[in-house]
Amino acid sequence: MTTLRNQGVPDAGHAMHLLRQMVRVRRLEEKCIELYSAAKIRGFLHVYIGEEAVAAGVMEALAPEDAVVATYREHGHALLRGVSAGAILAEMYGHAEGCCRGRGGSMHLFDAATRFYGGNAIVAGGLPLAVGLALADRMAGRQQVTVCFFGEGAVAEGEFHESMNLAALWQLPVLFCCENNLYAMGTALGRSESQTDIALKAAGYEIPAWAVDGMDVLAVEEAARRAVDAVRSGGGPHFLELRTYRFRAHSMFDPELYREKSEVAQWMERDPISLLQGAMQAAGQLRDDEWAGLQADVDAEISTAVGFAENGTPEPVSELARFVYSDRPEENNSGTDISKEPTKGGAAG
Amino acid sequence: MKTTYREAMRAALRDAMQRDERVFLMGEDVGRYGGSFAVSLGLLEEFGPERIRDTPLSESGFVGAGIGAALGGMRPVVEIMTVNFSLLALDQIINNAATLLHMSGGQFNVPIVIRMTTGAGRQLGAQHSHSLEGWYAHIPGLRILAPATLADARGMLWTALQDPDPVLIFEHGSLYNVAGELDEDAGAVGIDKAAVLRQADGSGDTVTLITYGGTLPLVLEAADQLSGEGIGSDVIDLRTLRPLDTHTLLDSVARTHRAVVVDEGWRSGSISAEIAARISEQAFFDLDAPVERVCSEEVPVPYAKHLEQAALPSVTRVMAAARRAVGAGG
Ligand SMILES: Cc1ncc(C[n+]2csc(CCOP(=O)(O)OP(=O)(O)O)c2C)c(N)n1
């Protein structure tokens with residue numbers, strides 16, 4: 001199957017926008033792989049290549065005041081939520097100009113300005129946070145939605161079930177987006193779950209849930225809009241199972257012994273970027289020069305971002321102990337931390 | 001005003017809920033049941049189920065939800081029945097609450113307060129009796145409080161809620177019924193400094209007795225009895241286990257030249273180990289004797305009363321340690 005399931009491409013401007021968003025994520029991560037191979041960036045690096053339609057489609061449904069919680073495979077989510085490619089790359093360089101001043105790295109991107117709450121490297125660890133963010137919105141009477149992305153590996157964790165139950169019990173405004181790419185590192189879904197229909201699990205908690213073709217950005221966007229509207233208008237939590245695939249290894253250390261190359265090749269025929277591009281071309285919405293222009297724009301954005309990161313400054317080691325506790329007035333800081341060498345003396349309390 | 005530790009805690013919660021509408025209490029059985037230790041009894045009727053929020057048995061889920069709510073601008077007070085059950089929420093407390101500020105480069109602070117009971121002495125067996133606050137005191141990014149007095153039971157919560165960072169409050173189960181006088185207008189107290197509750201007058205043999213939380217009453221009693229034997233003591237209530245107020249400890253040891261640390265946790269790798277290490281690092285030449293420690297025996301706390309009591313610090317053991325320290329024989 002090499003066509004979009006969703007028939008009817010939207011107006012050319014919007015289709016161009018979606019295409020551009022997916023290409024931005026793809027190029028950013030291709031660059032990350034290059035930089036990793038050149039040892040410019042280190043640590044764990046998990047790329048999203050093949051799954052771009054998920055982040056691109058879901059982000060379209062959100063308002064600026066909504067909140068987003070993601071996992072360690074979150075470069076695309078951060079970028080499409082509005083964090084600049086420069087701030088993301090500078091973070092991976094460990095530079096002060098990074099979105100977390102070099103303390104987070106690839107797996108821990110955060111951005112207060114866009115309400116992007118990470119960047120969580122504990123599988124399922126973000127789900128309870130999303131429930132709490134939604135609880136805060138509900139209690140404060142705000143019409144905001146929290147979207148939580150996680151992989152299908154998370155559904156085996158207790159925190160998944162605790163979070164589904166709490167969100168449904170309290171009817172909280174949260175949209176759960178399970179990125180089902182069929183593998184948790186090397187563990188295929190069928191080898192880890194007795195029930196592999198993930199939407200059905202959510203339905204078991206009385207949460208409205210749909211499975212969506214996660215390679216079709218139009219289908220993702222449509223489902224996300226429907227779900228976000230329902231959540232925002234007081235319909236309680238909703239759940240999307242986005243069926244997708246990662247074309248690359250789990251991380252840069254993964255020799256990929258657990259799946260056949262032919263399986264990967266088959267999924268690559270449904271590359272979300274090619275699918276939309278093909279549909280737009282067939283509908284006469286994408287001329288060759290427009291496609292070339294789009295790619296040139298994105299390449300320019302990414303190379304500017306690399307320059308920004310490359311020219312960044314390392315966060316000074318003198319700042320190491322900052323942000324362990326919040327900055328506060330001197331008088332409250334009189335206690336000594338285990339990490340610090342206390343000086344003798346001082347008044348008895 | 002005559003009150004109990006439990007009532008002081010409840011007054012603190014009520015006061016916080018009245019002062020700041022962002023404050024809410026969440027946990028297992030905090031509402032309809034009235035709190036498993038009756039701390040929140042009556043608050044549901046007063047504040048309603050949105051703000052006195054009963055949760056399912058989901059420690060990780062609701063502690064994580066509290067962290068999320070704090071990120072979202074609320075001021076949650078999350079109650080966990082006992083420290084043993086908090087282990088089911090360790091991931092959220094240590095991997096999220098304690099790290100988000102740092103990992104986000106200072107962007108996301110987590111103003112949550114997590115309260116739980118700790119400690120033994122009520123024949124509840126191993127899975128309800130442990131003292132693990134010293135473990136939490138190992139974690140940068142957390143502040144660890146152990147109110148031992150009525151004034152602290154009444155006053156620490158509000159200060160903790162003003163703290164922009166996660167604060168864990170450990171309430172020893174044997175303290176809830178402690179009764180005494182508390183000022184009518186008692187309110188918030190500082191949480192940065194240890195308290196010197198009793199000071200040796202300097203004549204004769206002297207020793208610094210260092211403790212916190214549930215063992216404070218027995219240390220005070222030991223100090224009383226020791227003074228009858230001519231041994232004067234400074235009694236220090238640590239109040240905050242992280243960050244530790246080392247200054248107050250060193251200042252006292254410089255005067256008494258001896259230290260006994262009393263901790264209901266196990267000796268190996270405990271907060272008392274940290275305190276003993278700091279004293280030897282920073283006050284070695286002030287010491288006239290090795291630092292003594294009175295801790296729990298290294299066994300899961302047993303059920304049978306005589307076994308349980310044998311496992312825990314006692315007045316007798318504190319006095320023996322103090323006598324050893326002053327060279328008066330154990
Ligand atoms: C609690 C926990 N256990 C194990 C790991 C190690 N780990 C990292 S990623 C991963 C697989 C997760 O798969 P999935 O949730 O499907 O997400 P995907 O990588 O496919 O996006 C595992 C087991 C972890 N990070 N956290």
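In which strand of chain B does B:E181 lie? Select B:E181: this residue belongs to strand β8 of chain B, residues 179-181, where strands (E, at least two residues) and helices (H or I, at least four) are DSSP runs numbered from the N terminus.

The model is predicted, with local features needing pLDDT of at least 70, side-chain atom pairs counting only at pLDDT 80 or more, and totals for chains, interfaces and linings using all residues. Residues are numbered from 1 along each chain as its sequence is written, chains are lettered from A and ligands numbered from 1 in the order written, and side-chain values use heavy atoms, without hydrogens and water.

Remain at B:E181, which is exposed because its relative accessibility is 58% (exposed is over 50%, buried under 20%, partly exposed in between; 1.4 Å probe, protein chains only). Patch residues have over 30% relative accessible area and no salt bridge, with like charges joined within 9 Å and nonpolar side chains within 5 Å. A salt bridge is a side-chain nitrogen of Lys or Arg within 4 Å of a carboxyl oxygen of Asp or Glu.

Next, display the whole of chain B, with its 13 helices and 14 strands. Of its 330 residues, 65% count as buried. The C-alpha atoms fill a box of roughly 60 × 45 × 40 Å along the principal axes.

Finally, move to chain A and select A:F44, A:M252 and A:F253, which make a nonpolar surface patch of about 310 Å². A:F253 lies in the loop between β8 (238-243) and α9 (261-268) and counts as exposed, because its relative accessibility is 54%.

Terms used: Areas by Shrake-Rupley, 256 points an atom, 1.4 Å probe, with all protein chains shown as cover.
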